[in-house]
Amino acid sequence: MIKSDIIARVMEELGYTRARADRAVNAVLETVIEALGQGENVIIRKFGSFEVYHSKRRKGRNLKTGEEVPIPPQRVVRFKPSKKLKFVED
């Protein structure tokens with residue numbers, strides 16, 4: 001499923017026009033992106049949570065030369081699915 005599929009589903013479920021559904025989906029996504037950009041965690045009940053964490057400085061390796069390369073610390077987003085979203089294999 002891609003973004004246009006989500007927009008189509010919103011159109012179908014809520015009876016919105018394509019333009020209105022597109023604005024609604026974009027508003028939700030922009031809100032999540034903005035919150036994560038400010039370092040806030042985003043929790044969507046019955047879906048999951050997006051957490052911003054800071055990775056530590058670590059050493060990597062250039063696979064061609066074998067030389068050690070420092071990897072600087074950075075902010076990373078992790079997604080943790082809710083129990084309802086976790087699917088059980090039959």
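Predicted model: local features only at pLDDT ≥ 70, side-chain atom pairs only at ≥ 80, totals over all residues.

Trainee: OK, how much space lies in the largest pocket?

Mentor: About 420 Å³. A pocket here is an open set of points on a 1 Å grid over the protein atoms alone, where a 1.4 Å probe fits, with protein on both sides within 12 Å along at least five of seven lines. The volume is the space filled by probe spheres set on the points, and grid points are joined across faces, edges and corners.

Trainee: Which residues line the largest pocket?

Mentor: K3, I6, V25, V28, L29, V32, I44, F47 and F50. To count as lining, a residue needs an atom within 4 Å of a point.

Trainee: Where does the largest share of the lining come from?

Mentor: From α2, which gives four residues. Both α1 (3–14) and α2 (18–37) supply at least two residues each. Helices (H or I, at least four residues) and strands (E, at least two) are DSSP runs, numbered from the N terminus.

Trainee: Back to I44. What surface patch does I44 belong to?

Mentor: A nonpolar one, formed by I44, F47 and F79, with about 240 Å² of accessible area together. Patch members have over 30% relative accessible area and no salt bridge; nonpolar side chains (Val, Leu, Ile, Met, Phe, Trp, Tyr) are joined within 5 Å, and like charges within 9 Å. The areas come from the Shrake-Rupley method with a 1.4 Å probe, and for residues only the protein chains shown count as cover. I44 itself sits in strand β1 (residues 42–44) and is partly exposed, at 35% relative accessible area. Partly exposed is the range between buried (under 20%) and exposed (over 50%), with a 1.4 Å probe and protein chains only.

Trainee: Switching to charges: how many salt bridges are there?

Mentor: Three, taking a salt bridge as a side-chain nitrogen of Lys or Arg within 4 Å of a carboxyl oxygen of Asp or Glu. Side chains of opposite charge can pair when their charged atoms come close.

Trainee: What does R9 pair with?

Mentor: E13, with the closest N and O atoms 3.6 Å apart. R9 is partly exposed at 47%, while E13 is exposed at 55%.

Trainee: And which residues does E68 bridge to?

Mentor: K59, at 3.8 Å from N to O, and R61, with the closest N and O atoms 3.5 Å apart. E68 is partly exposed at 42%, K59 is exposed at 66%, and R61 is exposed at 51%. Shared partners join K59, R61 and E68 into one network.

Trainee: Now the loops. What's the phi of K46?

Mentor: Near 65°, a positive value in a residue other than glycine. K46 lies in the loop between β1 and β2 (48–54), and K46 is exposed at 65%.

Trainee: Where's P72?

Mentor: In the loop between β4 (68–71) and β5 (75–81), partly exposed at 48%. P72 and S55 are 17 residues apart in sequence, and their C-alpha atoms are 8.5 Å apart in space.

Trainee: Last one: is Y16 buried or partly exposed?

Mentor: Partly exposed, at 25%. Y16 sits in the loop between α1 and α2, and 33 Å separates its C-alpha from that of V52, 36 residues away along the chain.

How values were computed: Residues numbered from 1 in each chain as written. Heavy atoms only, no water.
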